[in-house]
Amino acid sequence: MVDLKTDASIDAMYSAGQVVGRALTAVREAADVGVSLRELDEVARAVLRGAGATSPFLGYRPSFAPTPFPAVICASVNDAIVHGIPTGYRLRDGDLLSVDCGALLGGWAGDSAISFVVGRPRPEDLTLIDTAERALTAGIEAAVVGNRIGDIAHAVGTVCRAAGYGIPAGFGGHGIGRRMHEDPGVPNEGRPGRGMPLRHGMVLAIEPMLIAGGRDGYHPDPDGWTLRTDDGSRAAHAEHTVAITEAGPRVLTAREPVRQGAAS
């Protein structure tokens, strides 16, 4: 069942989304060679705490997970696609880091993700990240009243496949509102003109996930959470929470630019 949000509810979700945006910006600014993933999780916790928000990630345990998730961010390094648990691993020069974060504020959820390189980037990593962002932009542009879920999926998948990247099957975006995961699912590949019609008041988390090697295979780590590429190639993840309105898509998790001189 899809819960259509009122305009006032969308405004409240924007407030939650802005907390997520500030947390991701703070994490990106703190990320540097030698910084641990656990330290980055603490940075995000401080932002949530300062905003009076809580984390929908912390303690979350879906049916596939052997244990509740122990952090407020997912921190996925290099060949990790999504759901990486922040550990004591210290970032190295050239690491590709994907960070996913959520917030609950006033009973509403926000969810967003970014990927970036710590230290000196490899050109192919920058291209991968740029493609993930372009796929996200294409998905957002397709999120308009009168289109269908398949139009978003097709827009995302077309950008990914045209660049030669893999897409992990079975993982994609989702509805969001009072809970982090609501109906409908939003695949990262699909046929245009198919699926549920998009209506004013729907709020979706759109999140392309790309595998650099071009194949779609992945496997879980022994921790039961982290998903890694089968071919060992690097991955990137981009996500925004987007409200569908008569005036066009409204990005609720838009972020401030990273300060000059911060890690990139």
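Student: Into how many nonpolar, polar and charged residues does the lining of the second largest pocket divide?

Tutor: The model under discussion is a predicted one. Its second largest pocket holds about 210 Å³ of space and is lined by 15 residues, with Leu 37, Val 77, Ile 85, Thr 87 and Arg 228 nearest the centre. By class, that lining divides into six nonpolar, five polar and four charged residues.

Student: Which strand gives the largest share of the lining of the second largest pocket?

Tutor: Val 77 is among the residues nearest the centre of this pocket. The strand with the largest share contributes three residues to the lining, and it spans residues 73–77. That element is strand S1.

Student: Which residues are closest to the centre of the largest pocket?

Tutor: The largest pocket has a volume of about 400 Å³. Its lining comprises 24 residues, which divide into 13 nonpolar, eight polar and three charged. Those closest to the centre are Tyr 60, Phe 64, His 83, Phe 171 and His 181.

Student: Is His 83 buried or exposed?

Tutor: His 83 is placed in the loop between strand S2 (80–82) and strand S3 (96–105). Apart from neighbours within four places in sequence, His 83 contacts Phe 64, Phe 69, Cys 74, Ser 76, Phe 171, Trp 225, Thr 226 and Leu 227. Buried means under 20% relative accessible area; because the relative accessibility of His 83 is 19%, this residue counts as buried.

Student: Why is S3 described as largely enclosed by the rest of the structure?

Tutor: S3 pairs with S1 in the antiparallel sense through five bridges, with Ser 98 of S3 as the bridge partner of Ser 76. S3 also pairs with strand S4 (residues 108–117), again antiparallel, over 10 bridges. The description holds because, of the 10 residues of S3, the number buried is eight.

Student: Which residue takes a positive phi in the hairpin of S3 and S4?

Tutor: Within this antiparallel pair, Cys 101 has Ser 112 in S4 as its bridge partner. The hairpin has two residues between the strands, and the phi in question is near 60°. The residue is Gly 106.

Student: How far from Cys 74 is the nearest cysteine sulfur?

Tutor: A disulfide is a covalent bond between the sulfur atoms of two cysteines. A search of the whole structure finds zero disulfides, and a pair would count only with the sulfur atoms within 2.5 Å. For Cys 74, the nearest cysteine sulfur belongs to Cys 101, at a distance of 9.0 Å.

Student: What is the relative accessible area of Cys 160?

Tutor: Cys 160 is likewise in no disulfide, the nearest cysteine sulfur being that of Cys 74 at 19 Å. Cys 160 is buried, and its relative accessible area is 1%.

Student: Which residues of strand S12 point the other way from His 240 and Val 242?

Tutor: In a regular strand the side chains alternate between the two faces of the sheet. His 240 and Val 242 point one way from S12 (residues 240–243), and the strand's residues on both sides are buried. Those pointing the other way are Thr 241 and Ala 243.

Student: Which residue of S13 stands opposite Val 242?

Tutor: S12 runs antiparallel to strand S7 (residues 203–206), joined by four bridges, and Leu 204 stands opposite Val 242 there. Two bridges join S12 to strand S13 (residues 250–251), also antiparallel. In S13, the residue opposite Val 242 is Val 251.

Notes:
Residues numbered from 1 in each chain as written. Predicted model: local features only at pLDDT ≥ 70, side-chain atom pairs only at ≥ 80, totals over all residues. Heavy atoms only, no water. 1 Å grid on protein atoms, 1.4 Å probe; cavity = no way out; pocket = protein on both sides within 12 Å on 5 of 7 lines; lining within 4 Å. Points joined across faces, edges and corners; volume = space filled by probe spheres on them. Nonpolar A, V, L, I, M, F, W, Y, C, P; charged D, E, K, R; others polar. Buried < 20%, exposed > 50% of the residue type's maximum accessible area, 1.4 Å probe, protein only. Pairing = 2+ DSSP bridges. Contact = heavy atoms within 4.5 Å.
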